[in-house]
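Here is a brief report on helix packing and aromatic pairing in a predicted model. Please keep the sequence and structure in view while reading.

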Amino acid sequence: PMMVSLGLFILATLACIYSVTIEQFWVARFFQAFAGCAGVVIARAVVNEYFASVDTMRIFSLLAIISGVAPIIGPVAGNFLVSSFNWQSTFIALLVLGVICLFSVLFFLPETKDSKSTRQSNLVKEFRKILKVRSFLKFTLIGSLTYSILMIYLANAPYLIMQYGELSSNSFSYIFAFNAIGLVIGAWISNSILSRWFSIRQIIRNTIIVGLFLSIIFLIMCILKLPIVVLLVPLFFIILTLGILFPATTKLALEPFYENSGAASALLGSLQLMLTFCISAITNIIPADLLFLTGIALFACHILYVFCYLIKEPNKGVTNTKQ
């Protein structure tokens, strides 16, 4: 599946480059996104199937760094390519990355399951079975809110930094890069420091509490309309907490599954994007000052964190847990 999806991604990217009408471009972009999702889903499933349970937190931390930093670095890199060359250059870069990924999978990624053990299944039944696992639902919702907070930041950062803060585009790029470092630091702290002293559930609980206080501080600053330099301080630490939560929630959401880890990973990704879409849509239609709206949206997500964490888990997991 990974090789098929990467092949489709490469073809769709070529179609984007050679599109002559906007309608052709839309169709090509749809299939490019459709194929690109497979890498995110399958990568998490591979981690869950291939690595021992004690190693998955470390690997998920690495994935969290990549998946968290990519949407921050991507616009900066894309802006550089478009301003230096032409719009096709961004897709040429994606084409090169797609080819590199395809050859990496072909030569360096071992199969994680015996092909003889592969079984046919009803995807709807699989999803229903997965959704009955409370730990999956609980930590998927928390992970989805984490992704939503990141998207709220990405959507509103240009306004906050360049329009409200009246900073230059170069300053915007530096701040974006600095906050990306915050994500990396958060993932590193989660795996290398906090995991030595706390269980993963304790890490998530404590991070949610810290994030809630940070969101309250940020909201108060937005109401008072303090300078952007002051606003960026709690915002940086909020983003740092996302780096802690991404790997921890992914590990606990997928931990109960082995035989159907691919379906669980797919459902995890779908729910994340669906919830992010809903929160972003609601945020965009509310008629309010964008600065205040950003603060209240981040605060609301952290309040929802608390309700999601209060979902009770049974003492025993499902029977197909990886040993």
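## Helices α6 and α7

Helix α6 (residues 134-164) and helix α7 (residues 169-197) have axes that come within 10 Å and cross at roughly 150 degrees. An angle over 145 degrees counts as roughly antiparallel. That makes α6 roughly antiparallel to α7. The crossing of the two, α6 and α7, is right-handed.

On the α6 side, the contact is made by L150, Y153, L154, A157, P158, I161 and M162. From α7 come S169, F172, I175, F176, N179 and L183. By class, the residues of the α6 contact with α7 are 11 nonpolar, two polar and no charged.

## Helices α7 and α9

α7 also packs against helix α9 (residues 228-254), at an angle of about 45 degrees and with the axes 7 Å apart. The two helices, α7 and α9, are therefore oblique to each other. Their crossing, α7 with α9, is right-handed.

α7 supplies I175, F178, N179, G182, L183, I185, G186, A187, I189, S190 and L194 to this contact. α9 supplies L232, F236, I239, L240, L242, G243, I244, F246 and P247.

I175, N179 and L183 of α7 take part in the contact with α6. I175, N179 and L183 are also listed in the contact with α9.

## Helices α5 and α10

Which way do α5 and α10 lie to each other? The axes of helix α5 (residues 123-131) and helix α10 (residues 261-285) come within 10 Å and cross at roughly 75 degrees. α5 and α10 are therefore roughly perpendicular to each other.

L123, E126, F127, I130 and L131 of α5 meet A263, A264, L267 and L271 of α10. The residues of this α5 contact with α10 divide into eight nonpolar, no polar and one charged.

## Helix α8 and its end

Helix α8 (residues 200-224) has 25 residues. From its first C-alpha to its last, α8 reaches 36 Å, close to the 36 Å expected at 1.5 Å a residue. Just after α8, K225 takes a positive phi of about 55 degrees.

## Aromatic pairs

How many aromatic pairs are there? With ring centres within 6.5 Å as the cut-off, the count comes to 11 aromatic pairs. One of them is F25 with F91: the ring centres are 5.5 Å apart and the planes stand at 90 degrees, so the pair is edge-to-face.

This pair links distant parts of the chain. F25 sits in helix α2 (residues 22-50) and F91 in helix α4 (residues 88-108), 66 residues apart.

Technical notes
Residues numbered from 1 in each chain as written. Predicted model: local features only at pLDDT ≥ 70, side-chain atom pairs only at ≥ 80, totals over all residues. Heavy atoms only, no water. Axes fitted to C-alpha atoms, helices over the stretch in contact; angles between N-to-C directions. Helix = DSSP H or I, 4+ residues; strand = E, 2+ residues; numbered from the N terminus. Parallel < 35°, antiparallel > 145°, perpendicular 65-115°, else oblique. Left-handed = near helix turned anticlockwise from the far one by under 90°. Contact = heavy atoms within 4.5 Å. Nonpolar A, V, L, I, M, F, W, Y, C, P; charged D, E, K, R; others polar. Expected span 1.5 Å × (residues − 1). Phe/Tyr/Trp six-rings, centres within 6.5 Å; stacked < 30°, edge-to-face > 60°.
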